[in-house]
Amino acid sequence: MKFSLWNFRDWYEKHDIDLSYMITENNVSISMLSTDVDASEGRLGCALVLSGDQLTDCTGFRSALQFGRDRILFPVASSSEVFNLGNEMIEHYTLWENSLLDEILSGETIDSFLQHSQDNFPFPMALLHFNGVIGYHSSDWTVTLHSQVRNAILKTAMQKQSSTQPFFSSFFFGQPYTFLTDLVYVNHTPFGILIAYEAERKLQPGDIPVFHMLAEMIQTIVTFQSNQSVAVHPLASWYTNYVNSEDPVLQESVVPLSDVQWKLSDYYQVIAIEAPENSSTPLPSDLVFYLTDLHHCCAQTSFGLSILIHLGSDFPQTSSDEITRLQSYCPESAARIGLSLPFQNLKQLPCFYQQSIQAVKLAQKKEVPLLTIASCLSENILSSCRSLPETPSLIDPTILKLAEADLNESDQLLKTLYTYLICGKSISQTADILFIHRNTLRHRLNKIKTYLPGDLDDCKYAEKLLLSLALYQKKTFLNTNTSVIQI
């Protein structure tokens, strides 16, 4: 543990040692004391204990503790008393730090750790996750942080992200509160914010190094005890109940969106994860921790793990980095992952939740670890079209005539027309996909045009034919395994 001169000042005052001081630096790191001027020079973290006869600019003092330009001056205590009592403080905190480490190694929980930490840091403490939830707190924590205050703390913490030391912040809710705040990192990623506030005692500069050590300890707990890193999302309870309900009805009044600053009209995406059949590998808990820490909402459902991804208010772009992370957390042997299309308005959640499950089932069928509906959208559109009861009445009669002609001829007119339209009426691309000569293609197109009452150069007419072809889809001319479908 590293100390500042404020720690020594508080320690000496606690032991009724008279002193005066000139301290300007709060964040210095002192790890040892020395009475040898030569030994302390150039030695990082070494503070110097001077006797009165060495103080050329401070008459009337018997000894001093010096680090850089800052000093604690003692009118009565000798240099040996200052040196011994200072080392006693270093030993006291070192033994305390070691005892906390031993408790962590024995499986200490964060809640218990916060409680035991109050032996030498008697302030209410809590761990605030970046989703706005207080995950853990000491037993004397009594204040209720409303969403506005939590957001202010989170915003302040993110602005201080480059800082390596704790910082003080003041907030008013009912009465003024002074908080000491420190970021907790896991794998170089902000995991949460350790916060403490003034209660019976006032926070002092000397509390900063102790508090920072505690934040580093919690980081150790989270790193080595993955079961301690579960961050509960504010919507987790609602989402779990909602997706598990047999008849879910989404009402704005019952969705606690204000807790996460989401809007019903924002963009969302649903991910479903299911372990393969006959697999003894559990669903990846690390993925839940990772996604929850990114403010996404995870819920255990009867199907598997469902994750509601908040994409924001702007039209989302699919992130290849996110897909890569999902695949790294869920190797092929561990789970099947399905991603719905992004959608706007949370009221559409039910159908996109089902879409994510459909994506998982397709991933199982195709024997791939991860599948997005977007990657096989044409196949799903055609599958949906086939299930419409009114499909026959929506098909252009021309398509039925071409289908009848296909029964008597071998020119595959329907497939040719579909491929030609789906390729943007490109002769070369259509011929390549159908593996025929361009002249053969032109011959087929001329024959098709004899059946058409409209002009293929008319965009609206061509679009109507293409939609009718999709509705009429038959495996005889639309092979879902070909590149034609994968658009």
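**Salt bridges and their surroundings**

Author: Lys-202 has a relative accessibility of 57% and so counts as exposed, where exposed stands for over 50% relative accessible area, buried for under 20% and partly exposed for what lies in between, with a 1.4 Å probe and protein chains only. The model is a predicted one, in which local features need pLDDT of at least 70 and side-chain atom pairs count only at pLDDT 80 or more, while totals for chains, interfaces and linings use all residues. Residues are numbered from 1 along each chain as its sequence is written, and side-chain values use heavy atoms, with hydrogens and water left out.

Lys-202 is joined to Glu-198 by a salt bridge whose closest N and O atoms are 3.7 Å apart; the term requires a side-chain nitrogen of Lys or Arg within 4 Å of a carboxyl oxygen of Asp or Glu. The structure holds six such bridges. Another of them links Asp-207 to Arg-201, with 3.1 Å between the closest N and O atoms. Here Asp-207 is buried, at a relative accessible area of 7%, whereas Arg-201 is partly exposed, at 36%.

A further bridge, between Glu-13 and Arg-9, has its closest N and O atoms 4.0 Å apart. Because these two residues, Glu-13 and Arg-9, lie four residues apart in helix H1 (residues 5-14), about one helical turn separates them; helices here are DSSP runs of H or I with at least four residues, strands are runs of E with at least two, and both are numbered from the N terminus. Arg-9 is buried at 9% relative accessibility, while Glu-13, at 40%, is partly exposed. Asp-10 joins Arg-9 and Glu-13 in a network of salt bridges.

A nonpolar core is a set of buried Ala, Val, Leu, Ile, Met, Phe, Trp, Tyr and Cys residues joined through side-chain atoms within 4.5 Å. The largest one has 49 residues, and the members touching the most others are Phe-8, Leu-65, Phe-113, Phe-121, Leu-214 and Ile-218. Helix H6 (residues 207-224) supplies the largest share of this core, with 10 residues. Apart from neighbours within four places in sequence, Phe-113 has contacts (heavy atoms within 4.5 Å) with Leu-100, Ile-104, Glu-108, Leu-214, Met-217, Ile-218 and Ile-221. A second, separate core has 26 residues, among them Tyr-239, Val-260, Trp-262 and Leu-308.

On the H15 side the contact includes Ile-427 and Leu-434, and on the H16 side Arg-438 and Leu-445. Between helix H15 (427-434) and helix H16 (438-449) lies the loop that holds Phe-435. Phe-435 has a positive phi of about 60° although it is not a glycine, and it is exposed, with a relative accessible area of 75%.
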